Amino acid sequence: MRFPFTSLRMSGALTPAKGLLALSLVAVSAVGSLADERYGFRARIDLARDKVFPALVNIKLVTSHYWGGKEIKGQAVGSGTIITPEGHVLTNQHVTNNGRRFRCTLSDKQEISAELVGEDPLTDLAVLKLNLEELKDPGEPLPVAKLGDSDKLEIGDHVLAMGSPFALSRSVTLGVVSNTERVFAGGLGDRDPDDMRLERGQRTGLFTRWIQHDALINPGNSGGPLVNLDGEVVGVNELGGWSMGFAIPSNLAKQVADALVADGEVKRSWIGVSFKSIEKTGLKKGVLVNSVVDDSPANRSGIRSGDVVTQIDGESVTVRFAEEIPLLLKTIADREIGSTVEVRYIRDDAEHDAVIVTEKLEKDRGEERDLRAWGLTAMEITTFCSREHRLDNKEGVLVTGVRPGGGASLAKPPLGRDDVIKKVAGVKIDDLNGFIEQYEVIMD
């Protein structure tokens, strides 16, 4: 910062003594302004902290997951934010994943239980609900954080990351937004978004453009709020490392949270298409169809890989950059299930029209169960799972693990991970429920 006294000129009417006094007064004024500026910035941080900090919760949970052909109990921790007076807590799905029992520690150190309202793995968001009857004073209003408008964030804005790192007491770190529409590409030279997977067989981030920032976040901060200097939650921290943090924008989080509270799930439309931007393709308009799922709505309507979509419902579509793809996918997903999508596309330099009827986007990963007496774990086969394992259909169950020395491992021939069980004792197995029923019949 340049102080104004550096440009002061001495005139004949001004004696040296008076000049020194004037210089001193200007310097004191400049230092005072700098101190005021610093105090003002600190005051804004304090204000933002005090608006959200009381609504911050530490989440502890007992987990149950499957490994090596058996069910394994464990513990996990994370952070969350109270977003409604009724006690709804917004956090990450990878925090609540496989949770069986949840305990939340509030800002006044009270620890109460919570129930899972719903999870949305595709955005890595989840909502818990505090059991308010366990509070010392159930009638006392809860502190609630306000969800701000993440679209107003700009590169260079200061933000606060709040949470409970390493399961320790709550903390605040300060940083700067470095990118407001971060997507993760598939590899070197490929700028188009690739599937992100926090667990086997489950995609996430399809509709997300992350807020990248350098406020320090560590394990345990997951699910905690990213806060602007107005004291509004503008993101949900999800990933961090190497002095970079990534948060899910609050506008997306609010939409997902509202759907989870209302229905316990986020209902989305699906047409079975993945897109690629036209960057470096030589195309001037449209968006490139990268792949089409067999027997999907788009496939049945005649859309093929390599087509260039130029209009959707009469509106021109151009996706020049990778950062625009999540917005296009979300536009389709947000439509009412069973609605029609009118598409104009170019193939071999000729224009074609297609009408696509959307279907419900199914979950990626199916339910999983432990069959202790047989020494194996098995999972429901979803449409996505069927595609991943190149299966002809969804019939049967997928073996996810076999316990050494158990019945499944000693069978002739032995069962192994990723085997598909189609029949048990001559009875056809359609799905996981049918498999469990037959298991119980045999073991009864």
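Leaving aside neighbours within four places in sequence, Thr 81 touches Ala 55, Val 57, His 88, Val 89, Leu 90, Ala 145, Gly 223, Gly 224, Pro 225 and Val 233 (contact means heavy atoms within 4.5 Å). Bear in mind that this is a predicted model, where local features need pLDDT of at least 70, side-chain atom pairs count only at pLDDT 80 or more, and totals for chains, interfaces and linings use all residues. Residues are numbered from 1 along each chain as its sequence is written, and side-chain values use heavy atoms, with hydrogens and water left out.

**Thr 81**
- Thr 81 sits in strand β2 (residues 70-82); strands are DSSP runs of E, at least two residues, and helices are runs of H or I, at least four, numbered from the N terminus.
- Thr 81 counts as buried because its relative accessibility is 4% (buried is under 20% relative accessible area, exposed over 50%, partly exposed in between, with a 1.4 Å probe and protein chains only).

**The sheet**
- Four strands make an open, antiparallel sheet in the order β25-β26-β27-β28 (strands pair if DSSP finds at least two bridges between them).
- β25 (368-371) and β28 (420-421) are the edge strands, each pairing on one side only.
- Four bridges link β25 to β26 (residues 376-380), and Asp 370 stands opposite Thr 377 in β26.

**Helix α8**
- The buried residues of α8 are Leu 432, Phe 435, Ile 436, Gln 438 and Tyr 439.
- Asn 433, Glu 437 and Val 441 are exposed, on the face turned away from the buried side.
- Cover for the buried residues of α8 includes β25, β26, β27, β28, β29 (423-424) and β30 (427-428).
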